[in-house]
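Hi,

Here is the model I said I'd pass on.

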Amino acid sequence: MRSTSPANGDSMYIPKAHEETRVDVMQEFIAAHPFATLITMGSAGLFATHLPLVLERAGALGILRGHISRANNHWRNFSAAIDALVIFSGPNHYITPGWYAEKTKTGKVVPTW
């Protein structure tokens, strides 16, 4: 969904021919392709993390919910007072830890996307 900030205008350039403004269409795309890139600004600068997000259809646009691993410093280095950018790119795939040989050796493997 496209959001603008009154302080600096549009947050991303999208040519009119490719612009999608219908909230229902964008929500269906997010539901079908939940893997996203979350980009935030913190004290150390820009930080990006790839992660799956779930769209909770509440309010005018909805609420995105997700989880950032404790090992990922992203959650420590952002300001909730600064807008975030989330990019949904399209088809993707979940990778189960069972696909890694290391899983049977140590069990210290996590899922990825």
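R57 is partly exposed, with a relative accessible area of 47%; by the cut-offs used here, buried means under 20%, exposed over 50%, and partly exposed in between (1.4 Å probe, protein chains only). Before going on: this is a predicted model, so local features need pLDDT of at least 70 and side-chain atom pairs count only at pLDDT 80 or more, while totals for chains, interfaces and linings use all residues. Residues are numbered from 1 along each chain as its sequence is written, and side-chain values use heavy atoms, with hydrogens and water left out.

Back to R57: its side chain meets that of E28 in a salt bridge (3.1 Å, N to O), the term standing for a side-chain nitrogen of Lys or Arg within 4 Å of a carboxyl oxygen of Asp or Glu. This pair ties together distant parts of the chain, since R57 sits in the loop between β4 and β5 (63-66) and E28 in helix α1 (residues 23-32), 29 residues apart. E28 is partly exposed too, at 47% relative accessibility.

The structure holds four salt bridges. Another one joins the side chains of R65 and E56 (2.8 Å, N to O); R65 is partly exposed at 45%, and E56 is partly exposed at 34%. E20 and R22 form one as well, at 2.7 Å, N to O, with E20 partly exposed at 27% relative accessible area and R22 partly exposed at 49%.

Now the inside. The largest nonpolar core has seven residues: I30, A36, L38, L51, L53, L55 and F88. A core here is a set of buried Ala, Val, Leu, Ile, Met, Phe, Trp, Tyr and Cys residues joined through side-chain atoms within 4.5 Å. The elements that give it two or more residues are β3 (35-42) and β4 (45-56), and β4 gives the most, with three. In soluble globular proteins, nonpolar side chains tend to be buried together. L51 is worth a click: beyond its neighbours within four places in sequence, L51 is in contact (heavy atoms within 4.5 Å) with P34, F35, A36, L38, H67 and I68.

As for the fold, there are two helices and six strands, in the order β-β-α-β-β-β-β-α along the sequence. Both kinds are DSSP runs numbered from the N terminus: helices are H or I, at least four residues, and strands are E, at least two. The radius of gyration is 17 Å, well over the 13 Å that the globule rule gives for 113 residues, so the protein is more spread out than a compact globule. That radius is taken over C-alpha atoms, and the rule is 2.2 Å times the number of residues to the power 0.38. The C-alpha atoms fill a box of roughly 50 × 35 × 25 Å along the principal axes, and 20% of the 113 residues count as buried.

Last, confidence. The mean pLDDT (the predictor's confidence in each residue, from 0 to 100) is 86, and 90% of residues reach 70 or more. Where pLDDT is low, the predicted coordinates should not be read in detail.

Cheers
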